[in-house]
Amino acid sequence: MASWPLVSCLRVQASRHNTSISGQTLPDCNIYSMRIFITGSTDGIGLASARALISQGHSVTIHARNASRAADAKAALPKADSVLIGDLSSIAQTKALAEAANKTGRFDCVMHNAGLGYQHGSRKTEDGLEALFAVNSLAPYILTCLMERPKRLVYVSSQLHSGGSDEFGDVEWKRRRYDSMQAYSDSKLHNAILACAVARRWPNVPSNSVHPGWVKTKLGGWSAPVDLDSGAKTQVYLASADDIGTGQYWANMKPAMTHSAVGNVGKQEELLKRYHELSGVALPE
Ligand SMILES: NC(=O)c1ccc[n+]([C@@H]2O[C@H](COP(=O)([O-])OP(=O)(O)OC[C@H]3O[C@@H](n4cnc5c(N)ncnc54)[C@H](OP(=O)(O)O)[C@@H]3O)[C@@H](O)[C@H]2O)c1
């Protein structure tokens, strides 16, 4: 677990609770607490990350696809600050989610964690996109563009990004015959590329991607070797620790090697252009 961050967690907003460290109750200034938003925090690694960050004293806004899952998440995390709702497979709902998030104020950290796994077969969304692409790849881009720029960003990728394709002409799977493992790997490559592109475009906002490990969740499967708390560790660290750097892909608590497209500026810009075409939203300068 990360130690209490001292510098990057300074909070400009009013606090919600007193904090006690070494038996000394701090005044209602909450200087050690960050405002953190985690997508897909109803289950799995997102839920575990939210729980860990709340236990560190941070103010965590969780996210669910619908009202029923929001009630589940609130029951699982009664100390969460609030719950925002939006189905990330819908461009309209993702845009509305960004708007709702902005109404709550600026976040210190946004963690793009929600994802669909390769077990899911082909499903077209209301926008005519493949659902896995819409949820895993396009939604983090739309939220990044439309949410007030946070102080840092974390994108949950995967080691499987290394098998992703860096051809972006048919990212939405309109022409290709659907292959769920390829779609998943592609989406995780997109996450790592987006993190790096944002790090380059917004040098003042640390932006990193992370592989959590092969974790026991409904996405990872119950025979996966890594438990939830260990799986959440690196992304919790990236969300809350000082001096994490930017533009890196992390695994096992340290920067790791990536697909060659991740640091390729031409590929980054190509992907941003496709996202813009598909969503109508441009990444602000
Ligand atoms: N588990 C692994 O081994 C592993 C390995 C590498 C990377 N990852 C990555 O880690 C992240 C979290 O995965 P996980 O293993 O924790 O999976 P999980 O347990 O299935 O959790 C996924 C989360 O995303 C949410 N979600 C899915 N579709 C959504 C939609 N349309 N709108 C809003 N929310 C939606 C889920 O909501 P519901 O609860 O309502 O379904 C859930 O909260 C993913 O990005 C995944 O690619 C996982």
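A: Begin with pairing: two strands pair if DSSP finds at least two bridges between them. This is a predicted model. Here strand 3 (residues 35-38) and strand 4 (residues 59-64) run parallel and are joined by three bridges. Across that pairing, Arg35 stands opposite Ser59 in strand 4.

Q: Which strand does strand 3 also join, over three bridges?

A: Strand 6, again in parallel, with three bridges. Ile36 stands opposite Cys109 in strand 6. Strand 6 in turn pairs with strand 7 (residues 152-156) in the parallel sense, over four bridges. There, the bridge partner of Cys109 is Arg152.

Q: In what order do the strands of the open sheet lie?

A: The order is 5-4-3-6-7-8-9-10, eight strands in an open sheet with mixed pairing. Strand 5 (82-85) and strand 10 (254-255) each have a single partner strand, so they stand at the edges with one side left without a neighbour in the sheet. The protein has ten strands and seven helices.

Q: Which way do the residues of strand 6 point?

A: The general idea: in a regular strand the side chains alternate between the two faces of the sheet. In strand 6 (residues 109-112), Cys109 and Met111 point one way, while Val110 and His112 point the other way. Are they buried or exposed? All are buried. Across the protein, buried residues make up 48% of the 285 residues.

Q: How are two packed helices described?

A: By the angle between their axes and the distance between the axes. Take helix 4 (residues 131-146) and helix 7 (residues 265-279): their angle is about 85 degrees, and their axes lie 10 Å apart. Angles of 65 to 115 degrees count as roughly perpendicular, which makes helix 4 roughly perpendicular to helix 7.

Q: Which residues make the contact between helix 4 and helix 7?

A: Helix 4 supplies Leu138, Tyr141 and Ile142; helix 7 supplies Tyr275, Leu278 and Ser279. Five residues of this contact are nonpolar, one is polar and none is charged.

Q: Now the ligand. Which residues come nearest?

A: Of the 28 residues around the ligand, Gly40, Gly44, Gly115, Leu219 and Gly220 come nearest. Helix 1 (residues 44-55) gives the most to the shell, with three residues. By class, the shell holds eleven nonpolar, twelve polar and five charged residues.

Q: What share of contacts joins residues at least 24 apart?

A: Count contacts in the protein between residues at least 6 apart in sequence: 67% of them join residues at least 24 apart.

Definitions and conventions: Residues are numbered from 1 along each chain as its sequence is written. This is a predicted model: local features need pLDDT of at least 70, side-chain atom pairs count only at pLDDT 80 or more; totals for chains, interfaces and linings use all residues. A residue is near a molecule or strand if its C-beta atom, placed from the backbone, lies within 6 Å of it. Helices (H or I, at least four residues) and strands (E, at least two) are DSSP runs, numbered from the N terminus. Ala, Val, Leu, Ile, Met, Phe, Trp, Tyr, Cys and Pro count as nonpolar, Asp, Glu, Lys and Arg as charged, and the others, Gly among them, as polar. A residue is buried if 20 or more other C-beta atoms lie within 10 Å of its own, exposed if 12 or fewer, and partly exposed in between; C-beta atoms are placed from the backbone. Two residues are in contact if their C-beta atoms, placed from the backbone, lie within 7 Å. Axes are lines fitted to C-alpha atoms, for helices over the stretch in contact, and angles run from 0 to 180 degrees between N-to-C directions. Angles under 35 degrees count as roughly parallel, over 145 as roughly antiparallel, 65 to 115 as roughly perpendicular and the rest as oblique.
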